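Hi,

Here is the structure I promised to pass on. Have a look at it first, and then read my notes below.

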Amino acid sequence: METIATNKSHGGTQGVYTHHSEETGTEMTFSVFVPPHETGAKLPVLWYLSGLTCTHENVTEKGEYRQACAEHGIIFVAPDTSPRGSDVPDAEDEFDFGKGAGFYLDASEEPWTKNYRMRSYIEDELPALIAEHFPADMDRQSIMGHSMGGLGALTIGLRNADRFRSVSAFSPIVAPVQAPWGEKAFSRYLGDNRDSWAEYDAVALIEGGARVDHMLVDQGTADDFFAEQLKTGLLALACKKAGIDAAIRMQEGYDHSYYFISTFMAEHVKWHAERLG
Ligand SMILES: N[C@@H](CCC(=O)N[C@@H](CS)C(=O)NCC(=O)O)C(=O)O
């Protein structure tokens, strides 16, 4: 692992790091905020998965999470959203597929299988690296995300309920198999067999019996993607039927941007902190 940059912030350290990923076969860059802490202390970890077109930079620069993470003593990890590099296949001029749009899945179709392995990267490889290099208590993890990353947080949280104490999302895609972004990406990354799509769909996972202990979702009413792509109501219905303890909140007048995310970020961090102990 190589350190790209570190800056002192809120008494802690905001860093950007790169490493060679065996999963994606590429160099991967991510950011980590380590709050001020006593020497030798092990701190809980909050994962943040970003949305379409993003790298680690968007939330690191605009997410406004550091003050809350410093206050609650939480490590904040922000990975990239896809493999990168000139050798990685891409769909040029498509912001919702290819680079910047990894959908946190392991692709099964060519030419995507070799590099597009963001599920294994986020579930296995990056956690091991974080455990090795940072003062992280891997027995205390929670996960959150935005839009495509909200989907990633929900699905990774639902598939690994024993690992994550709480799951939250801003404007998540909740049912990609029923939305244009998901249909487009899944048919190309995963192929035509829609049965294989279900493990990457939050509503389908819940309908199939997956559960999380605590869920918090914020969705802006002025979000242009709400009705066609995000479909928050389907998640609310699935949680209600399944008896999942979910706070799914419509936030009046907020859009899909980081102006919305940063407004509620501190509240999400605090909510996770209460469950991380
Ligand atoms: N209008 C955007 C659509 C993509 C978009 O809104 N991306 C969201 C995540 S789904 C985002 O966080 N963008 C980066 C940012 O706001 O910093 C584009 O075409 O680039």
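Let me start with a question: in which loop does S147 lie? The answer is the loop between β6 and α4. Please keep in mind that this is a predicted model. The average pLDDT of the protein is 98, and 100% of the residues score at least 70. The scores for the model are ipTM 0.93 and pTM 0.98.

Back to S147, which has a phi near 60 degrees, a positive value in a residue other than glycine. S147 counts as buried because it has 26 C-beta neighbours inside 10 Å, and the cut-off for buried is 20 or more.

Nine strands form an open sheet in the order β1-β2-β3-β5-β4-β6-β7-β8-β9, and the pairing is mixed. At the edges are β1 (2–9) and β9 (246–251), each of which pairs on one side only. From one strand to the next, the twist averages 15 degrees. Strands β8 (residues 215–220) and β9 run parallel and are joined by six bridges, with M215 opposite A246.

Helix α3 (residues 118–133) touches β2, β3, β4, β5 and β6, and its direction makes about 130 degrees with that of β6. Helix α4 (residues 148–159) touches β4, β6 and β7, and here the angle with the direction of β6 is about 140 degrees.

A few backbone details may interest you as well. Most residues other than glycine have a negative phi, and most peptide bonds are trans. Like S147, H10 has a positive phi, in this case near 50 degrees. H10 sits in the loop between β1 and β2 and counts as partly exposed, because it has 16 C-beta neighbours inside 10 Å. There is also a cis peptide bond between E110 and P111, with omega about 5 degrees; P111 is in the loop between β5 and α3.

Finally, A242 lies in helix α8 (residues 232–242). A242 is partly exposed, with 17 other C-beta atoms within 10 Å. Beyond its neighbours within four places in sequence, A242 is in contact with I206 and R211.

Best wishes

Methods:
Residues numbered from 1 in each chain as written. Predicted model: local features only at pLDDT ≥ 70, side-chain atom pairs only at ≥ 80, totals over all residues. Pairing = 2+ DSSP bridges. Helix = DSSP H or I, 4+ residues; strand = E, 2+ residues; numbered from the N terminus. Axes fitted to C-alpha atoms, helices over the stretch in contact; angles between N-to-C directions. Contact = placed C-beta atoms within 7 Å. Buried ≥ 20, exposed ≤ 12 C-beta atoms within 10 Å, placed from the backbone. pLDDT = per-residue confidence, 0-100.
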